[in-house]
Amino acid sequence: MERIPILKIGNLLLVTIQVDLYDRMAEQLQEDLSLAVVRSHARGVLIDISALELVDSFIGRMLGSIAAVSLVLDATTVLVGMRPAVAITLVELGLALPGVHTALNVEMGMELLRHVNDARR
Amino acid sequence: MNPMAEPPQARDPQPTPQTLPVQGQEDVVRVRQVVRSLALSLGFSLLEQTKLITAASELARNTLVHGGGGSCVIESVTATPAVVGIRLTFEDHGPGIDDLESALRDGFSTAKGLGLGLGGSRRLVNEFDLWSQVGEGTRVTITKWRQR
């Protein structure tokens, strides 16, 4: 099965989702990411979904639980690059992703993580 | 007669109806892809496409997870020459839904998920029709019209 790569940049982890997500692949990512957070002592996780053409309730739930699990492991998750059409559809679907930080792009996501992590220190 | 002179609207972009199996997670992805390319060829806006493929994804997953697998019929429909749309019919022969009212309410879920599948997809399309019989199966038909 295809796996989504996790890159380490300083004390951050960067995940770029570029494929049409199968449910199993999404579950695998959740597991891989929690292991990577612990192994790398990452303080932040950036998930770039700018290539995703849809976020349905399953993928949304998976992203929300990645954020929740990371937080328990002392890392903050920021979802970056959501397309406007995806954002509108998500909200209409009834999924507003409460508790998940978002940013418009990776750079702004890194900036946000710096602020959040400074405040948590 | 030069076939190239034919106006693009007159051509059926893809042969429809098309029936796809919904028996595994790959089929859910496949349904999304086929629906997206049909929506694209019919000139749906990006937002309309996104709403439709999201609804299709929810319903295909329902068919798989709750219905134990089934099929999806994808067709382009025409109300008037200017009004075109896409109709999707998801059908399974699973256990069926006992309480349709509750099943359409947000937060209702019998399997993993947020329980947004049915009610959520209804909000993303123009027409939504749900038929279910306990012990026989479930059929959901949705239609999304292209906005001009």
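**Notes on the two chains**

1. Let me begin with one residue: Leu13(A) sits in strand β2 of chain A, which covers residues 12-16. Please keep in mind that this is a predicted model. Leu13(A) counts as buried because 23 C-beta neighbours lie inside 10 Å, and the cut-off for that class is 20 or more. Leaving aside residues up to four places away in sequence, Leu13(A) touches Ile6(A), Leu7(A) and Lys8(A), and also Ala36(A), Val37(A), Ser40(A), Ala42(A) and Val45(A). Asp32(A) is 19 residues from Leu13(A) in sequence, and their C-alpha atoms are 11 Å apart in space.

2. From there, the neighbouring strand of chain A is worth a look. β2(A) pairs with β3(A) in the parallel sense over 5 bridges, and Leu14(A) has Leu46(A) as its bridge partner in β3(A). Together, β2(A), α1(A) and β3(A) make a right-handed β-α-β unit.

3. How much of β3(A) is buried? The count is 5 of its 5 residues, so β3(A) is largely enclosed by the rest of the structure. In a regular strand the side chains alternate between the two faces of the sheet. In β3(A), Gly44(A), Leu46(A) and Asp48(A) point one way, while Val45(A) and Ile47(A) point the other way.

4. Most residues other than glycine have a negative phi. His41(A), although not a glycine, has a positive phi of about 55 degrees. His41(A) is found in the loop between α1 (23-40) and β3 (44-48) of chain A, and it counts as exposed because it has 11 C-beta neighbours inside 10 Å. Asp74(A) also has a positive phi, near 70 degrees. Its place is the loop between α2 (57-72) and β4 (76-80) of chain A, and with 13 other C-beta atoms within 10 Å, Asp74(A) is partly exposed.

5. Now to chain B, which has 4 helices and 5 strands. Read from the N terminus, the order of elements is β-α-α-β-β-α-α-β-β. Chain B has 148 residues, of which 36% count as buried. If you take the contacts in chain B between residues at least 6 apart in sequence, 65% join residues at least 24 apart.

6. β1(B), residues 18-22, and β2(B), residues 70-80, pair in the antiparallel sense over 5 bridges, and Val22(B) has Gly70(B) as its bridge partner in β2(B). β2(B) also pairs with β3(B), residues 83-92, in the antiparallel sense over 10 bridges. Val73(B) and Thr89(B) are bridge partners in this pairing. The two strands β2(B) and β3(B) form a hairpin with 2 residues between them.

7. Which residues touch the most other members of the largest nonpolar core? Of its 54 residues, they are Val45(A) and Ile47(A) together with Val35(B), Leu52(B), Ala56(B) and Ala60(B). Helix α2 of chain B, residues 46-65, gives the largest share of this core, 8 residues. Beyond residues up to four places away in sequence, Ala56(B) touches Val31(B), Arg32(B), Val35(B) and Leu88(B).

8. The contact takes 21 residues from chain B and 18 from chain A. On the side of chain B that touches chain A, α1 (25-41), α2 and α4 (117-124) of chain B each supply at least two residues. α2(B) gives the most, with 9 residues. By class, that side of chain B has 7 nonpolar, 7 polar and 7 charged residues.

9. Finally, a word on confidence. The predictor gives the complex an ipTM of 0.89 and a pTM of 0.87. Chain B averages a pLDDT of 86, and 83% of the residues score at least 70. Where pLDDT is low, the predicted coordinates should not be read in detail.

Key: Residues are numbered from 1 along each chain as its sequence is written. Chains are lettered from A and ligands numbered from 1 in the order in which they are written. This is a predicted model: local features need pLDDT of at least 70, side-chain atom pairs count only at pLDDT 80 or more; totals for chains, interfaces and linings use all residues. A residue is buried if 20 or more other C-beta atoms lie within 10 Å of its own, exposed if 12 or fewer, and partly exposed in between; C-beta atoms are placed from the backbone. Two residues are in contact if their C-beta atoms, placed from the backbone, lie within 7 Å. A nonpolar core is a set of buried Ala, Val, Leu, Ile, Met, Phe, Trp, Tyr and Cys residues joined through C-beta atoms within 7 Å. Ala, Val, Leu, Ile, Met, Phe, Trp, Tyr, Cys and Pro count as nonpolar, Asp, Glu, Lys and Arg as charged, and the others, Gly among them, as polar. pLDDT is the predictor's confidence in each residue, from 0 to 100. Two strands pair if DSSP finds at least two bridges between them. A crossover is right-handed if, with the strands pointing away from the viewer, the path from the first strand over the helix to the second runs clockwise.
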